[in-house]
Amino acid sequence: SLVPALLADEPVTLSTGTKALQDQLLERELPIARAATGAERDVAVLKGRENYLCRKRLGELAAEPRLDLAAEVPLWPKLVAWSGTTATGDRAELDELPDASPLWSRVDGRAEICTGTKCADYDACFVYRARRLAARAQAVVVNHHLLFADLALRRGERGGVLPGAPLAVLDEAHLVEEAAAAHFGTRLTGRMA
């Protein structure tokens, strides 16, 4: 499915089941498909906001570094050192950071805390930098949850986060139902209110 996507004349969204599969697609499978086709399409990866470091929140925490858990103490200097060298701000670069890290939740780029263009760090913001790169790319690699979150935003007329692409390739399609239900489904329970 990558070969037709790389040979298409139009922008394409490549969606897969998980963030780990996004990275695998970008780092292993796309280079092989590019070599086989000779296609040199500009490819970007886009993840949900909570996967990117927020420079503003990191600065606020650095000003008052109160670490709540003993497990956070050794991670803090690694996080600070990485923040000065990363080009993407993608937490996947931090191998030693646990998935459910309370420290990361204090410095990620989640929407409910973001001030957008009003932020002093807007031009260097990892979330908006990733979105700008995706907007210029010919192919954008996302996961199913981000794809369906984008569709739900567009359905509500609030605009999406993904650049418009007339073509989409859904890898790991057996995981689509769960992602679609999370954004478009209704949950019923037997509990009485």
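Colleague: What should I know before I start?

Modeller: This is a predicted model, where local features need pLDDT of at least 70, side-chain atom pairs count only at pLDDT 80 or more, and totals for chains, interfaces and linings use all residues. Residues are numbered from 1 along each chain as its sequence is written, and side-chain values use heavy atoms, with hydrogens and water left out.

Colleague: OK. How many helices and strands does the protein chain have?

Modeller: Eight helices and four strands. Helices (H or I, at least four residues) and strands (E, at least two) are DSSP runs, numbered from the N terminus.

Colleague: And what pattern do they follow along the sequence?

Modeller: The pattern of the protein chain reads α-β-α-β-α-α-α-α-β-α-β-α.

Colleague: How much of the protein chain is buried?

Modeller: Buried residues are 38% of the 193 residues. Buried means under 20% relative accessible area, exposed means over 50%, and partly exposed is in between (1.4 Å probe, protein chains only).

Colleague: Now the core. Which residues touch the most other members of the largest nonpolar core?

Modeller: Leu46, Leu53, Leu79, Trp104, Val107 and Val142 do, in a core of 28 residues. The elements that give two or more residues to this core are helices H3 (55-63), H4 (72-83), H5 (102-105), H6 (126-136) and H7 (144-155), plus strand E3 (139-143). H6 gives the most, with five residues.

Colleague: What counts as a nonpolar core, though?

Modeller: A set of buried Ala, Val, Leu, Ile, Met, Phe, Trp, Tyr and Cys residues, joined through side-chain atoms within 4.5 Å.

Colleague: Let's stay with Val142. What does Val142 touch?

Modeller: Leave out residues up to four places away in sequence. Then Val142 touches Thr13, Leu14, Ser15, Thr16, Gln22, Leu46, Leu147 and Leu162. There is also a second, separate core of 13 residues, which includes Leu2, Ala39, Val43 and Val141.

Colleague: Back to H6. Which residues of H6 are buried?

Modeller: Phe126, Val127, Tyr128, Ala130 and Ala134. The buried residues of H6 pack against strand E2 (43-45), H3 and E3.

Colleague: And Trp104, where does that sit?

Modeller: In helix H5. Trp104 is buried, because its relative accessible area is 2%. How do H3 and H4 cross?

Modeller: Their axes come within 12 Å and cross at roughly 135°. Axes are lines fitted to C-alpha atoms, for helices over the stretch in contact, and angles run from 0 to 180 degrees between N-to-C directions. H3 and H4 are therefore oblique to each other. Angles under 35 degrees count as roughly parallel, over 145 as roughly antiparallel, 65 to 115 as roughly perpendicular and the rest as oblique.

Colleague: Which residues make the contact?

Modeller: From H3, Arg55, Leu58, Leu61 and Ala62. From H4, Trp76, Leu79 and Ser83.

Colleague: How many disulfides are there?

Modeller: A search of the whole structure finds zero. The sulfur nearest to that of Cys54 belongs to Cys119, 6.0 Å away. A disulfide needs a pair of cysteine sulfur atoms within 2.5 Å.

Colleague: Is Cys54 buried or exposed?

Modeller: Cys54 counts as buried, at 17% relative accessibility. Cys119 is buried too, with a relative accessible area of 17%.

Colleague: Last one. Where is Asp171?

Modeller: In the loop between strand E4 (167-170) and helix H8 (176-184). Asp171 counts as partly exposed, at 26% relative accessibility. Leaving aside neighbours within four places in sequence, Asp171 is in contact with Ser15, Thr16, Gly17 and His144. The C-alpha atoms of Asp171 and His144 are separated by 8.9 Å, and the two residues are 27 apart along the chain.

Conventions:
Contact means heavy atoms within 4.5 Å.
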